[in-house]
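Reader: Hi! I'm new to reading protein structures, could you walk me through this one?
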Amino acid sequence: INESSMSIAGGFGKVVLGGNDSVGDNFGIAGTDVPSEEGGSSLPSSASIGTNSDITPASGDSSKISYFLPAMGGLTMGVSHFTSLAGTTDSTEYGARYTMDAGGATVTIGGASGTTEAATKDTDSQNVGVKIASGNITVAMGNGMYEAVGEDRESTDFGVPYNMGNGMVVAAYTVDSDDSIDTGETYTRSGIELA
């Protein structure tokens, strides 16, 4: 079983219990999210750089509790918490998005932040991004960081999908990442997709 959870929703918002994605997956915005099939990672196992600006959820699909506040106008927010059995690697994630209309375009600003406790150095991951949709074209940009023992990564990505009509969409994206601790280690990927 990859994921299994249950949720309870009402005027108070929504509570999700079980093994499911944390809130960072719901609120962060990355330019590499625009293609229908995001390109896979070709990084060697020793690499210490990222493949996009999304946050790196430490708890993955582990059992956790997530709470999503009820939408307030265009604002949505949530929090996830995971507690390890030993209580030494607790993880907490926060996320928020705000969507508004701006002269015929829909603008969404989003961000997510996550922290996992550790004995030596906590692991921190953050993302902030913006998505602008107008007519048949959408532009998405994201910036993310990841700090841990021996790691200080920053990733920036940009993506543009265009709806050509008749069910055909063309999308292009690019991502750049580097680790300032590991001098000279950088990663760049670009792609184009026709779906």
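Author: Happy to, and we can go through some of its residues by question and answer. One thing to keep in mind from the start is that this is a predicted model.

Reader: Good to know! Let's start on the outside. Which residues form a nonpolar patch on the surface?
Author: That patch is made of M6, I8, F12, L17 and I65. Together they have about 450 Å² of accessible area.

Reader: Where does M6 sit, then?
Author: M6 belongs to strand β1, which covers residues 4-10. Its relative accessibility is 48%, so M6 counts as partly exposed.

Reader: And F12, where is that found?
Author: F12 is in a loop, the one between β1 and β2, with β2 covering 13-19. F12 has 41% relative accessibility and therefore counts as partly exposed.

Reader: What does F12 touch, leaving out residues up to four places away in sequence?
Author: With those left out, F12 touches Y67, F68 and P70. Take P70: it is 58 residues from F12 along the chain, and the two C-alpha atoms are separated by 6.3 Å.

Reader: Are E151 and R153 buried or exposed?
Author: Both of them are buried. As background, side chains of opposite charge can pair when their charged atoms come close.

Reader: What about D179, where is its place?
Author: D179 is in strand β10, residues 168-179. D179 is buried yet has no salt bridge.

Reader: Why does D179 have no salt bridge?
Author: The nearest side chain of opposite charge is R153, and R153 is 4.8 Å away.

Reader: Which backbone nitrogen lies 3.2 Å from a polar atom of the D179 side chain?
Author: That is the backbone nitrogen of D152. D152 is also one of the residues that D179 touches, along with S48, I49, G150, E151, R153 and E185, not counting residues up to four places away in sequence.

Reader: Let's stay in β10 for a moment. Is V175 buried or exposed?
Author: V175 lies in strand β10 too. Its relative accessible area is 0%, so V175 is buried.

Reader: And what does V175 touch, beyond residues up to four places away in sequence?
Author: Its contacts beyond that range are T32, T51, N52, T156, D157, Y187, T188 and R189.

Reader: Which side chain is joined to T116 by a polar contact?
Author: The side chain of S91 is, and the contact is 2.8 Å.

Reader: Is F82 buried or exposed?
Author: F82 is buried, because its relative accessible area is 17% and the cut-off for buried is under 20%. F82 is in strand β4, residues 75-82. Between F82 and S22 there are 9.1 Å in space, C-alpha to C-alpha, and the two are 60 residues apart in sequence.

Reader: One more! Where does D61 lie?
Author: D61 is in the loop between α1 (24-27) and β3 (63-68). It has a relative accessible area of 29%, so D61 is partly exposed. Not counting residues up to four places away in sequence, D61 touches N2, E3, G19, N20 and D21.

Reader: And how far is D61 from D122 in space?
Author: They are 20 Å apart, C-alpha to C-alpha, and 61 residues apart in sequence.

Notes
Residues numbered from 1 in each chain as written. Predicted model: local features only at pLDDT ≥ 70, side-chain atom pairs only at ≥ 80, totals over all residues. Heavy atoms only, no water. Patch = residues over 30% accessible without salt bridge, like charges linked within 9 Å, V, L, I, M, F, W, Y side chains within 5 Å. Areas by Shrake-Rupley, 256 points an atom, 1.4 Å probe, with all protein chains shown as cover. Salt bridge = Lys/Arg side-chain N within 4 Å of Asp/Glu carboxyl O. Helix = DSSP H or I, 4+ residues; strand = E, 2+ residues; numbered from the N terminus. Buried < 20%, exposed > 50% of the residue type's maximum accessible area, 1.4 Å probe, protein only. Lys, Arg positive; Asp, Glu negative; His and termini not counted. Polar contact = N/O pair within 3.5 Å; in protein donor to acceptor, adjacent residues only side chain to side chain. Contact = heavy atoms within 4.5 Å.
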